[in-house]
Amino acid sequence: MFEVMMYDGGIYRSEELFEMIEDVGGAVLQKNRSSQMLSVTMAVPEGDRKAIEALCKDIGGEVKSVPLAGTEIAVVGPTLGRHHMPHPICDIAENLRRRGSITVVMGLARGRGKKTAQINLEERKIIGEYDAAVFMLGNFKNCVEAKTELFREIDTPLVLVCGPVPEGIDDAYDAIVSGVGRKMERMRTTPERAKLDEIADAVEKILLEKRRILEEDPLFVHPAEVKQLLEDYEPVNMCLRPGPIVMHLDGLRVKIGYEEHRRHVEDMKVYGRRLGDICAISPSKINDSSMLIRIKTRSEVEHDDRKAGR
Amino acid sequence: MEVNVISEDEYGNESYSELFSKIMADINKQSHIERATLVLKPTVPLFIFSVKLRAEPSSKTVGDVANVRGEGSDAHLTITDERYAPSILEQLWKKFGREAVDQQTRFDLDVIGASESDVKALLVASDEESINDMIGAIWRTMPEGIKNRRTFIDGRVITVVATEEMMEPHMLEEGMRVHEAEGA
């Protein structure tokens, strides 16, 4: 099993770390370099964790726990207007990134107002592509309750963040954090930072539950193994978009065109199996320039094999 | 600035008072406002924001916001109200050209070849502009979706009544009552 952790330290001797990750069969999930400082989020086999930790210490860095690494989370606001952005939505996203997650900030096209707020099917499907969603609403209890339809049928675990505690909508979300309404400035005071941590804890908790469900019927391969495979594919390697491969709990988002590359990706081999047989590959609802790879569970692959007479 | 919030929502009441003050401070309008009354009825929805300004909005010339004195064939200015500094520079550049304006410090400028009376008479803010700025500031504090708005202006009092869909007569009547209570 792979374990995800983060190296935080200097650039000096970092080549040794990358070599070791490669030697143990691990994968670099994310690499951020700022001047002489470097942070590397990596997935390494469980048994090699100690050796990696020792090397990180030896080269002068430290290993941090990143409980949300390998996940992609959407932070959604009613609109992208200045009433909702950048605070507190961007503050929430930033705090989730500190815990290792990749975050996406989204605003709905027609999410403003109380009676006129709405979400369309396309937006629901886009939010459903992420591992979890954080939905941010405002200060009035009545408005929060009236806007329940915006997030009721979203097919991903959802954390509702709002000012007052709404009543009678408990079935519409997986977790709720109240006490955060519309903000005009950065959340930097101690109680505000505590609220941001509370939100990240809530996200962590619902993702832990999702992981637990996945472990009951494990994936055929770990997403990090598919990532390694895809990294050698030239269009991915040459892709200039930030984070061309983003890991999800049950698969990956790959930022290359679906129509153009689907066949090649399906024919890639992992453990002697075609990727197309052990994964469900589909275009992203955002646009055609990315594809989603959902790795099938072992029982799904067995079922498919039986059906195909393999 | 005194903010009086009348609301049916306990959480919204507290947070809106803080939010209003912060937004006004952020866009530099807090010092213009003597008192504000915010009526929040999200269930309707109806929002009435009424502000009483410290002074009736009026046109401002350079002479109102800076000390100007003639020095031979030139004029020397010392800006006394910093809020108008960008506008003063803009107007001086427009009228006399950039080469003629020599900014020695943040607040001290020499205008080469300009008479004291010409510089004093330059308009740096019109009353209409001040009112529009204040209305824009009030809109910014209101919830985003409350788009149907009506504005009352009388002397120092500006009141904005806003709802989401149809503006009904009783809403306007309530808005007018708040407007009059503010001293309009």
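**View 1. Chain B of the predicted model contains six helices and eleven strands.** Helices (H or I, at least four residues) and strands (E, at least two) are DSSP runs, numbered from the N terminus. The model is predicted: local features need pLDDT of at least 70, side-chain atom pairs count only at pLDDT 80 or more, and totals for chains, interfaces and linings use all residues. Residues are numbered from 1 along each chain as its sequence is written, while chains are lettered from A and ligands numbered from 1 in the order in which they are written.

**View 2. The domain assignment of chain B gives two parts, domain 1 (2–57 + 127–181) and domain 2 (60–125).** These bounds come from an automatic or database domain assignment. The centres of the two domains, taken over C-alpha atoms, are 35 Å apart. The C-alpha trace of chain B spans about 65 × 30 × 25 Å along its principal axes.

**View 3. Chain B contributes 17 residues and chain A 21 residues to their contact.** Two residues are in contact if their C-beta atoms, placed from the backbone, lie within 7 Å.

**View 4. Val159(A) belongs to the largest nonpolar core, which has 80 residues.** Such a core is a set of buried Ala, Val, Leu, Ile, Met, Phe, Trp, Tyr and Cys residues joined through C-beta atoms within 7 Å; a residue is buried if 20 or more other C-beta atoms lie within 10 Å of its own. Helix H6 (residues 190–216) of chain A supplies the largest share of this core, six residues. Leaving aside neighbours within four places in sequence, the contacts of Val159(A) include Ala132(A), Tyr173(A), Ile199(A) and Ile206(A).

Key. Buried ≥ 20, exposed ≤ 12 C-beta atoms within 10 Å, placed from the backbone.
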